[in-house]
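These are my notebook entries on one protein chain.

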Amino acid sequence: MEKKLVYTGKTKNVYALENGNYLLKFKDDCTGKDGVFDPGENSVGLTIDGVGDVNLKMSVYFFEKINAAGILTHYVNADFDNTTMEVLPAKVFGKGLEVICRYKAVGSFYRRYSDYIEEGADLPAYVEMTFKNDEKGDPLVTEDGLVALGVMTSEQYNDIKAMTQKITKIVADDLASKGLLLYDIKFEFGYDSNGKVMLIDEIASGNMRVYKNGNYIDPMTLSKLFFA
């Protein structure tokens, strides 16, 4: 099938397919700084052989589980030989939105609210959304803000929140069965031509904060443990 490059990303390239779908090509490039891997960085800092393969493998594993649970995603199929994933077309919300689900008070959540909560305290599958904007530090945005700015409807917001909590439980339960504890995870959502919300992008180790026996597991180690 003919494919046409439409976007070159930091860790994935995107191609348009003849059938109207898109093809994501996973790369071995990783975000980081000074040769050190960091999923929170905004630029490519290093190349790790095989990271594209394992990110695709984990994404497919969870997308298939999520689809089976009746939750809409953009996943169609994957080709592990070429490190590609075929996906349905989807529009992003605004200029890009990240959705975080938190089980523990760590990271930026704790930095913001440390007057009110202890570090590592339990959270009730707390969902927050941030605009993808490096220059502005990915600002938080509320439901009222998203609606007032015309980024999404209240119905879409509620759908995303409910889907995020269900998907996070699927991931957390799976990790728990391997002795791993999920602290928080980051997703991206889009919508189809009818405005219906779907999970998009990837579900890889670099998008989640995971601990084992009280110790943080870096994304590359997590991928190895997950598929051990």
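**Entry 1: the chain.** I counted five helices and 16 strands in the protein chain; helices (H or I, at least four residues) and strands (E, at least two) are DSSP runs, numbered from the N terminus. The radius of gyration of the protein chain is 17 Å, close to the 17 Å that the globule rule gives for 228 residues, so the chain is as compact as a globular protein of that length. I took this radius over C-alpha atoms, and the globule rule is 2.2 Å times the number of residues to the power 0.38. The C-alpha trace spans about 55 × 45 × 35 Å along its principal axes.

The model is predicted: local features need pLDDT of at least 70, side-chain atom pairs count only at pLDDT 80 or more, and totals for chains, interfaces and linings use all residues. Residues are numbered from 1 along each chain as its sequence is written, and side-chain values use heavy atoms, with hydrogens and water left out.

I found that buried residues make up 44% of the 228 residues; buried means under 20% relative accessible area, exposed over 50% and partly exposed in between (1.4 Å probe, protein chains only). I then looked up contacts, meaning heavy atoms within 4.5 Å. Among contacts between residues at least 6 apart in sequence, 52% join residues at least 24 apart.

**Entry 2: α1 with α5.** I recorded that the axes of helix α1 (residues 51–68) and helix α5 (residues 219–226) come within 11 Å and cross at roughly 55 degrees. Axes are lines fitted to C-alpha atoms, for helices over the stretch in contact, and angles run from 0 to 180 degrees between N-to-C directions. The helices α1 and α5 are therefore oblique to each other; angles under 35 degrees count as roughly parallel, over 145 as roughly antiparallel, 65 to 115 as roughly perpendicular and the rest as oblique. The crossing of α1 and α5 is left-handed, a term for a near helix turned anticlockwise from the far one by less than a right angle, with clockwise giving right-handed. On the α1 side, V51, V54, M58, Y61 and F62 make the contact, and on the α5 side M220, S223 and F226. I sorted the residues of this contact into seven nonpolar, one polar and no charged (Ala, Val, Leu, Ile, Met, Phe, Trp, Tyr, Cys and Pro count as nonpolar, Asp, Glu, Lys and Arg as charged, and the others, Gly among them, as polar).

**Entry 3: α1 with α4.** The axes of α1 and α4 come within 10 Å and cross at roughly 125 degrees. I noted a right-handed crossing for this pair. Y61, F62, K65 and I66 of α1 meet I167, I170, V171 and D174 of α4. By class, I have six nonpolar, no polar and two charged residues in the contact of α1 with α4.

**Entry 4: single residues.** I placed T168 in helix α4 (residues 154–176). T168 counts as buried, at 0% relative accessibility. Residues up to four places away in sequence aside, T168 touches C101, Y103, L182, I185 and F187.

I located V141 in strand β12 (residues 140–141), and V141 is buried at 13% relative accessible area.

I found I200 in strand β14 (residues 197–200), where I200 is buried with a relative accessible area of 8%. Beyond neighbours within four places in sequence, I200 is in contact with F63, H74, A90, V92, E188, F189 and G190.
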